[in-house]
Structure formats: structure tokens, C-alpha cells
Amino acid sequence: MDETSTPSSPQPSPPAGGPAVRQSVADLAATLDVDPGEVEVVSVEEVTWRDGSRGCAQPGMSYTQALIDGSRIILRAGGRTYEYHSGGSQPPSRCDQPTE
């Protein structure tokens, strides 16, 4: 008897950034008061931020001068695009005026 193995179905991998993406989607959904299913993940890019501002420096603030590995997460909801930055020990945060 000739046994043939059935290939297993590939399991979908979680989006790049995993927990950071899920936190960003949940935050935006809560902010906009929409269901998280209405938030589309447009892109996730792994980046190394040049300082603790994680690419979202605010005037008058000082930041740790160290490279921070993180992600730039682009989401879309209600026809608008939103950018979240993650990295370091801080949760992802929305960045309305990115500086990098």
C-alpha cells in the first residue's frame, strides 16, 4: 500500500508586529468608537527609531538618545489613514505628525 501524505494547510501567520498591531487596532477602534473589524491594517514596517521619540517628537520634549527597534503601523478606518509607532518598552501610540 502506497501511503501519501496530505500536506497540512498553511497556518496564517500573525501580522508583523503581532501584539503591537493588535494594540494599535484596539486603540484606534476605541478612539473612533468603531468595531475593531472596521479597522484595516494597511502596512506594518519594522524600523529603528533614532531616539526615544519613536519618530513622533513633540516640541519642547527631550528624548532618550538611543536607537529603538520598533514598527510603523498604518491603519485605515472610516476613509482616513492613521499612523501608529511602536518600540522600546512603551505601548504603540498614534502619531498624527510624524517626524521620521
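Modeller: Serine 53 is buried, with a relative accessible area of 8%; buried means under 20% relative accessible area, exposed over 50% and partly exposed in between, with a 1.4 Å probe and protein chains only. This is a predicted model, in which local features need pLDDT of at least 70 and side-chain atom pairs count only at pLDDT 80 or more, while totals for chains, interfaces and linings use all residues. Residues are numbered from 1 along each chain as its sequence is written, and side-chain values use heavy atoms, with hydrogens and water left out.

Serine 53 sits in the loop between β1 (40-49) and β2 (68-77). Helices (H or I, at least four residues) and strands (E, at least two) are DSSP runs, numbered from the N terminus. The side chain of serine 53 makes a polar contact with that of aspartate 51, at 2.5 Å. A polar contact is a pair of N or O atoms within 3.5 Å; within protein, one must be able to donate a hydrogen and the other to accept it, and residues adjacent in sequence count only if both atoms are side-chain atoms.

The structure holds one disulfide, a pair of cysteine sulfur atoms within 2.5 Å. Here cysteine 56 is joined to cysteine 95, S to S 2.1 Å. The pair links distant parts of the chain, 39 residues apart: cysteine 56 lies in the loop between β1 and β2, and cysteine 95 in the segment after β4 (90-94). Both cysteine 56 and cysteine 95 are buried. The torsion about the S-S bond of cysteine 56 and cysteine 95 is about 105°, so the disulfide is right-handed.

Now the strands on either side of the loop. β1 and β2 pair in the antiparallel sense over nine bridges; two strands pair if DSSP finds at least two bridges between them. Within this pairing, glutamate 46 stands opposite serine 71 in β2. The open sheet has four strands in the order β1-β2-β3-β4, with antiparallel pairing. β1 and β4 are at the edges with a single partner strand each, so one side of each has no neighbour in the sheet.

α1 lies across β1, β2, β3 and β4, at about 40° to β2. Contact means heavy atoms within 4.5 Å; axes are lines fitted to C-alpha atoms, for helices over the stretch in contact, and angles run from 0 to 180 degrees between N-to-C directions.
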